Amino acid sequence: MTAQQQRVDTLRLIGLVALTGVLVFLGVVSVVNRLHFEQRIDGVVWEVNDGARVAAKIEADGPADRAGILPGDRLVAISGLSIPVDPPDYVDSVLWPLIPGTQVTYLVERGDQTLDFSVIVGGRPLDNTVFLYLCLVGGVSLVAAVFVLMRRSETETGAGGFSGVEMRFFCLAIALYGVTVLYPTRDGDAFNNAIYWVDQLARNLLPGLFLYFTLTFPRPKPAFAEHRTAWMAGIFGPGVLLFFSYIVLIVLFQAGGSWQMTPSSSYRTFDFLNNLDLVYFFAAIVLGLLLIAHRYWVAEVPMERRRLTWLIGGLAIGMFPFVAVYVPLYVFGVTNPLLELTVLPFVLIPICFGYAAVGFRLWDVEIILKRVLAYAVTVLAVLGVYVGADRLIRVVIDPEIAVAGAFLATLLVAMAFAPLRDRIQEGLDRLYYRERYRSRRGILDFSRELNAELDLGQVVALLVQRVRKMVAVGRIAVLLQQEGGSRLRLVAADGSMSDGPQLSKAFSKFLAAALANREFLYIDDMMNLLEEFPQDRDLIAEEDLAYFLPLVVKGEVLGLLALGRTMSGDYLSSEDLKVLQMLTSHAALAFDNALLYRQAHARAREFERLKDYNENIVQSIKVGVMVLDTDGRVRSWNRSMEQTHGMPANEAIRKHVDELFPASFSAALQQARDRVEEGSESIASAYRVALRNRNDVDRIVNISVAPLAGERGRQPTVVLVDDVTDQTELETQLRQADRLASIGLLAAGVAHEVNTPLTGISSYVQMMQRKMPESDPRRAILEKIEKQTFRASSIVNSLLNFSRQQASEMQAVDINGVVDETLALAELPLSKRKVHVDTELGESLPPVWGDSGKLQQVLMNLVLNARDSMPNGGDLTIRTAQRNGEVILEVADTGTGIPKEQIHKIYDPFFSTKGTGKGSGLGLSVTYGIVQEHRGTITVRSEATGTVFRVVLPVADAGRARAAS
């Protein structure tokens, strides 16, 4: 329920409480006035005879006898008011507003004479037996209305507020209260006028409210919902018209001039409206009874039929004598004191209607009787207080302040009613529940004990023990949702659910959905449904379960508390179920805590098992693994790391990496960690890093660094140290084989394209030179041809030198010269692929410190990779430049680029993106090793439009110094 709806319901509740208070106050005033009211009499029994109102009987020593009126006198007028013959009780209506002791003039005819008599109006106490009984009926009706409404607010707030069948019953009950309790007596008094109009309004609306209740009980009929406005007009229209007719009648009676009605015509009209009111009431009762009977006939739910049975029984027993006997005789003018006995069954009507409206079970009679007894004792007590206070004020203090005293006494009664009722109710509860009362009152203490227990079996045992103390039932069971499943399973006393009986998936889903918005389910309400689930029906019957109360946590049904019938075979009362609902709200939290604890405990065991398993994997892996904290200290060190470094784990853990490794290794490791922490790379690597272990053995390793957690920034890291010393030696051998394969490919082309024509050209040029004199101008052309022949021979010699294996000879090397020689060698493969070469060589570059052959191999590998990335041709750009004492060599192509997910693998041996049979996967691995050997760095930047490799080499002086260190 939203906050706005809560405010609206709160204001509505306040309004209903205020209305109830006003009605109670008016009822008290009405009863007091009626008890003190005296019927106005003149001591004559007037009968209609021969068209005249004749004195048939004169009361001895009555007002008329003392005035001198004799039997047989014909009444003409009273104080100038002409008295018609009809209706018979018109004289009583004339005397009603007069005060006893008032002197009036009777104009009578005696024989041929017309005589005046002064009659002093007398008074006679009313017979209040029927009235007090009707007040009892009205009081029961009002108490039932308030009880039903308060029970609705206590149990179903947030599920519809005060707009359901309970509210409709409340309106019907207060209308019945107004009809039975409110009785106007003092004419002209403000309170009397309020009582009169509220009573009249209740009389006119009661039939409509009754029809409205029957049409919408227990829910509105479809036809009513579709045409609500028309139905409402037809139901309440006659009553509203009657009420306004009474208003018009009073206005015309009190109006002056030509519009004023005579008393006799006004009385006849009033009598006619009263008869219409009774006919309307009679028709509404009959029609409502037929509607309820039809609803009972078509009802299929047992609980609904049971509630309708109470409506039909209450109406049939309570209203039948009145409707079948009193109403017809009254309409036809037949009166008899015995007819008043027809109101005796009225008291059953509010009880039966309230019983059906609130949806009580039939086994709640003792609860109702207990509460009725509490209210009855309270009413008697406050009535005694009121009568005593009123008598004290009238007799002892001052009769003049009787009205104010009555008001103060009423206020005192209203203030004392609720606390006195609660005390009496508590005493009755103690008497009724006896030893179970303390257990019911100790729910809060029990909830603390229950929530402190984390063992599921113990929680089940405590709950069963407490429930058995509160309600004497034969079977108590707890059903919980299986972890990871959707079936409800019975929990054993030890908390196990592995092999206990379970409900079907469909029935478990139904119960969870049905109890999400209900307080409980009773087995009789599900009998039709259980026919669809024979397995679940048999299980419930075998376990002897009758009630299902939800264990709800955060709006989700965690499980059920299932109960059987009581030990005596009876049913649980609504008060028993209310106490159990309070208990289940606490038990649900305890079960949730126990299940969470069990899950956490199981997960902890699983975590320990996985931890041991993972540690075994880490220890068994063939790659060195160490974990560094944010300060660079070792937290984990596996067996492979022990073999690579030569230090056992117990010595290495908690030491800083700078204490364990040489400076070159630590620097490479720190650079990789920095790239990970900055977020530039998710996994950073360093290849061909030299490592001198504890035994002074030089090893070559690859380093991979990854964050231990999923967040960026300073955090523990996992370092993989892969010993590739043997692999590096193998690469050295394969490098030569790869070079020889390249030379073989190039040599075949050169031999075919160069050597054959070169031999012929050289021979013919030499022959022509011998035959030409030195002064011949054509001799210069022959010299140029011979020079080009020598250039071709130089290319072949360079190719042979490239293929010949030799040790590194470090010296000052012109990087631009390496570029020129390499492009000369690669001219043919590039031209075949239609690769356009563009060079941007820096001027006055300082020499680098290195091996020209190996640097040529680096550039050749990069150029051939660029060619392979441009199968349809493209642009190849080679740049050289100087920056910060280093020489930069860049090879850029416009090829297809390298995928991001593969870029960190390109330096791995035997990894190739060219496809099977198109490359050995050693080119970039060999290139990386040569660059590392020259104390340089190589980086790559690749996009979909091309790739750029950058090689940074130290100049000769710096390179010589680095090599020496």
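1. Helices (H or I, at least four residues) and strands (E, at least two) are DSSP runs, numbered from the N terminus. What you have here is a predicted model, where local features need pLDDT of at least 70, side-chain atom pairs count only at pLDDT 80 or more, and totals for chains, interfaces and linings use all residues. Residues are numbered from 1 along each chain as its sequence is written, and side-chain values use heavy atoms, with hydrogens and water left out.

2. Now the overall picture. The chain holds 31 helices and 25 strands. Of its 965 residues, 43% are buried, where buried means under 20% relative accessible area, exposed means over 50%, and partly exposed lies in between (1.4 Å probe, protein chains only). Take contacts (heavy atoms within 4.5 Å) between residues at least 6 apart in sequence: 64% of them join residues at least 24 apart.

3. Angles run from 0 to 180 degrees between N-to-C directions, and axes are lines fitted to C-alpha atoms, for helices over the stretch in contact.

4. Staying with that sheet, β14 (residues 624–628) and β18 (residues 717–723) run antiparallel and are joined by five bridges. Gly624 faces Val721 of β18 across this pairing.

5. Ser640 is worth a click: you'll find it in helix α21 (residues 639–645). Is Ser640 buried or exposed? Ser640 counts as buried, because its relative accessibility is 7%. Leaving aside residues up to four places away in sequence, Ser640 touches Ile621, Lys622, Val623 and Gly624. Ser640 and Asp722 are 82 residues apart in sequence, yet their C-alpha atoms are 9.1 Å apart in space.

6. Another open sheet of five strands runs β10-β9-β13-β12-β11, with antiparallel pairing. Its edge strands, β10 (488–490) and β11 (521–522), have a single partner strand each, so one side of each is left without a neighbour in the sheet. Helix α16 (residues 456–470) packs on this sheet, touching β9 (476–481) and β13, and its direction makes about 140° with that of β9. Inside the sheet, seven bridges join β12 (residues 547–553) to the antiparallel β13 (residues 556–563); Val552 has Val557 in β13 as its bridge partner.

7. Residues in the contact include Phe169 and Leu172 of α5, and Leu206 and Phe210 of α6.

8. Asp61 and Lys834 are not glycines, yet Asp61 has a positive phi of about 60° and so does Lys834. Asp61 sits in the loop between β3 (52–58) and α2 (63–67), and Lys834 in the loop between α28 (827–832) and β20 (835–840). Asp61 is exposed, with a relative accessible area of 55%; Lys834 counts as exposed at 69%.

Note on methods: Pairing = 2+ DSSP bridges.
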